[in-house]
Amino acid sequence: MAWAADGDELLPESEFPHTMSSNLFLSDGTVVGRALTQFGDTADGFTASLTVYLPTTCPEEVLEHHLRYYAVEFRNWITAAAAAGA
């Protein structure tokens with residue numbers, strides 16, 4: 001599976017110093033995708049780049065499920081950080 005293994009997908013560290021990537025696994029340990037999150041501070045808060053790599057053979061509903069998951073999780077984290085004054 002080819003997905004930016006050489007790190008070309010990384011945005012400039014000067015703008016996005018907080019980076020995390022992780023593989024997506026099936027229950028048997030098979031790697032089926034990758035998630036990459038990159039964050040940077042701005043004068044008004046922060047900016048983010050959220051990327052998910054899935055095989056082109058992946059059913060559309062799997063992609064849609066993951067996109068909804070990202071939307072809910074990141075909204076929850078951002079709301080919690082704002083409430084904490086972070």
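Select Trp77. At 48% relative accessibility, this residue counts as partly exposed; the label covers values between buried, under 20% relative accessible area, and exposed, over 50%, computed with a 1.4 Å probe on protein chains only. Before going on, note that this is a predicted model, in which local features need pLDDT of at least 70, side-chain atom pairs count only at pLDDT 80 or more, and totals for chains, interfaces and linings use all residues. Residues are numbered from 1 along each chain as its sequence is written, and side-chain values use heavy atoms, with hydrogens and water left out.

**The helix and its rings**

Phe74 and Trp77 both belong to helix α1 (residues 60-84), three residues apart, about one turn of the helix. Helices (H or I, at least four residues) and strands (E, at least two) are DSSP runs, numbered from the N terminus. Phe74 is buried, at 12% relative accessible area.

Next, look at the rings. A pair of aromatic rings is described by the distance of the centres and the angle of the planes. Here rings of Phe, Tyr and Trp (its six-membered ring) pair if their centres lie within 6.5 Å; planes under 30 degrees apart count as stacked, over 60 as edge-to-face and the rest as tilted. By this rule there are five aromatic pairs. Select Tyr69 and Tyr70: their ring centres are 6.4 Å apart and their planes stand at 35°, so this pair is tilted. For Phe74 and Trp77 the centres are 4.9 Å apart and the planes at 80°, so that pair is edge-to-face. Tyr69 is partly exposed at 39%, whereas Tyr70 is buried at 9%. Now show Phe39 and Phe46 as well: ring pairs link Phe39, Phe46, Tyr69, Tyr70, Phe74 and Trp77 into a cluster.

**The sheet**

Switch to a cartoon view. The open sheet has three strands in the order β1-β2-β3, with antiparallel pairing; two strands pair if DSSP finds at least two bridges between them. The edge strands are β1 and β3 (45-53), each pairing on one side only. From one strand to the next, the twist averages 15°. Helix α1 packs on this sheet and touches β1, β2 and β3, and its direction makes about 155° with that of β3. Axes are lines fitted to C-alpha atoms, for helices over the stretch in contact, and angles run from 0 to 180 degrees between N-to-C directions.

Where do β1 and β2 meet? They pair over eight bridges, and Leu24 has Gly33 in β2 as its bridge partner. In their hairpin, with five residues between the strands, select Gly29, which takes a positive phi near 95°. In the loop between β1 (18-25) and β2, find Asp28, which is exposed at 59%. Its side chain makes a polar contact (a pair of N or O atoms within 3.5 Å; within protein, one must be able to donate a hydrogen and the other to accept it, and residues adjacent in sequence count only if both atoms are side-chain atoms) with the side chain of Thr30, at 2.7 Å.

**Along β2**

Move to Thr37 in strand β2 (residues 31-42). Is Thr37 buried or exposed? Thr37 is buried, at 7%. Its contacts (heavy atoms within 4.5 Å) include Tyr70 and Phe74.

Finish at Thr42, also in β2, which is partly exposed at 36%. A polar atom of the Thr42 side chain lies 3.4 Å from the backbone nitrogen of Phe46.

Terms used
Lists of a residue's contacts leave out its neighbours within four places in sequence.
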